[in-house]
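Notebook open, structure loaded. I'm jotting down what I look up as I go.

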Amino acid sequence: VNSTDDFPDLQVNGICATAFGTCTLRAAIQEVNALGGASGPHNIHFNIAGAGPHTIQIFSPLPRLERAVVIDGTTEFGATCPTAALTANIMIVIDGTPIGSNVARGLDLWRNAAAPSGSTIKGVAIGGFGYGVTLDGDGHSVKCSLIGLNADGSSALGNQTAGIYVWQGSGITIGGSTYADRNVISSNTRDGGISLRDGDAASILGNYIGTSSAGTLDRGNANGILVGELSNNVVIGGTGAAERNVISGNSAGITINGDNTTVVNNLIGANALGTHVLNPLMDKAGAAIGDAVGGLFGGSAAASGANAPRGAATAALLRDRGHRIIGIDIEGADVTADLSQPAGRAGAVSGVLERCGGVLDGLVLCAGLGSFAKPAIKLATVNYFVAVALLDGLRGALARGSSPSAVVVSSVA
């Protein structure tokens, strides 16, 4: 692609050329769709003259990609993917604002018999569409891209319905296990940043969802991640340092309706360094579990904040799924303790160990004193130190459990 125009291919003949002799993104997609699938994936590269970033305005929906393809914006001069310390330098912006539709699809990837492997989107900014990226089929990946932000990684170029929408498919990867794979998915409305309608075994790793590209500014989505009831065995986050998602500034961080979802090692509500809350008015539902089963716990689980609304709702849900819950709260629970005090935290650990026999399969820590707490130091002692103390104190019991898991919800809402 060597032009920011949106003209179609003059003739589908193996040569990407419009009537003006240029190769546009639209023309390149038309040529790729005419190729056989057996030799794929094919490649769409960029070489647009002049100083970037280059904005390609789209005036009517682009053709659906019907062959396996790698759309690689990092081939444009000056483009780089992020590192642990640096943001991506995006040089290609695909802007669907001129279409003015909340149903228009930006890059629409499809896998069929003619496309034997999944497609990849890399190194581009996509916004202004209804759906920024639509994934239909198995094995697709999106990485090193800005979905809903402009090339500067801060100004909004939101998609009206969803940033990334998984219609149907398995084994889809959004982000990845290295810092260079990180996407920033922000400023998208309605369904939000990532919406999985039917995305079995999808992996969402190492992304910034609802922030600026530096992870320091609130650029929230309506939802951070929405896991639909047809999407099972989804993995959100991982144990590697580069696999942690930062999910902050969104109206809801993670909403889970599918079964066997694993949520591991994510920062929800904080900036990328984890040093402060990004927007105390948002992320009121850090992780909401709907009609989902499995994936988190089995056997005995301890839940702090068991009488608070979130803790009580979570405990009730787990009991309905057949788990034995040991509730912890300042009063009216299986284990009563003043968790704002060191002695209370130690007593809570002892009480749980006594009741679980030293073997624990799950731990849900719902700490959430609001800004009304007096003295204000309780915000830290309860919302942070309780989680640390109970995780440390019950780690041995968890290690002896069957596929143990822990979930920490810390909120001032």
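What is the strand order in the open sheet of eight strands, and is the pairing parallel or antiparallel? I read the order as 1-3-6-9-12-16-19-22, with parallel pairing. Two strands pair if DSSP finds at least two bridges between them. Helices (H or I, at least four residues) and strands (E, at least two) are DSSP runs, numbered from the N terminus.

Before going on, a note on the source: this is a predicted model, where local features need pLDDT of at least 70, side-chain atom pairs count only at pLDDT 80 or more, and totals for chains, interfaces and linings use all residues. Residues are numbered from 1 along each chain as its sequence is written, and side-chain values use heavy atoms, with hydrogens and water left out.

I checked the edges next: they are strand 1 (42-44) and strand 22 (262-263), each pairing on one side only. Helix 1 (residues 25-34) packs on this sheet and touches strand 1 and strand 3; contact here means heavy atoms within 4.5 Å. The direction of helix 1 makes about 175 degrees with that of strand 1. For such angles, axes are lines fitted to C-alpha atoms, for helices over the stretch in contact, and the angle runs from 0 to 180 degrees between N-to-C directions.

I also looked at one pair of strands. Strand 9 (residues 141-143) and strand 12 (residues 173-175) pair in the parallel sense over two bridges. Val142 has Ile174 in strand 12 as its bridge partner.

**Salt bridges**

How many salt bridges does a search of the whole structure find? I get five, counting a side-chain nitrogen of Lys or Arg within 4 Å of a carboxyl oxygen of Asp or Glu.

I started with Arg64 and Asp136, whose closest N and O atoms are 2.9 Å apart. This pair links distant parts of the chain, 72 residues apart: Arg64 is in the loop between strand 2 (54-57) and strand 3 (69-72), and Asp136 is in strand 8 (residues 131-136). Arg64 is partly exposed at 27% relative accessibility, while Asp136 is buried at 13%. My cut-offs are under 20% relative accessible area for buried, over 50% for exposed, and partly exposed in between (1.4 Å probe, protein chains only).

Arg105 bridges to Asp108, with 3.3 Å between the closest N and O atoms. I note Arg105 as partly exposed at 28% and Asp108 as buried at 8%. Arg64, Arg105, Asp108 and Asp136 are linked in a network of salt bridges.

Asp191 and Arg190 make another salt bridge, at 3.6 Å between the closest N and O atoms. Is Arg190 buried or exposed? Arg190 is exposed, at 53%, whereas Asp191 counts as buried because its relative accessible area is 18%. I find Asp191 in the loop between strand 13 (184-185) and strand 14 (192-196). Leaving out residues up to four places away in sequence, Asp191 touches Thr161, Ala162, Asn223 and Leu226.

I then went to Gly357, in the loop between helix 3 (342-356) and strand 28 (362-367). Gly357 is exposed, with a relative accessible area of 61%. Its C-alpha atom is separated by 8.5 Å from that of Ala397, which is 40 residues away along the chain.

My last stop was Tyr384, in helix 4 (residues 378-399).
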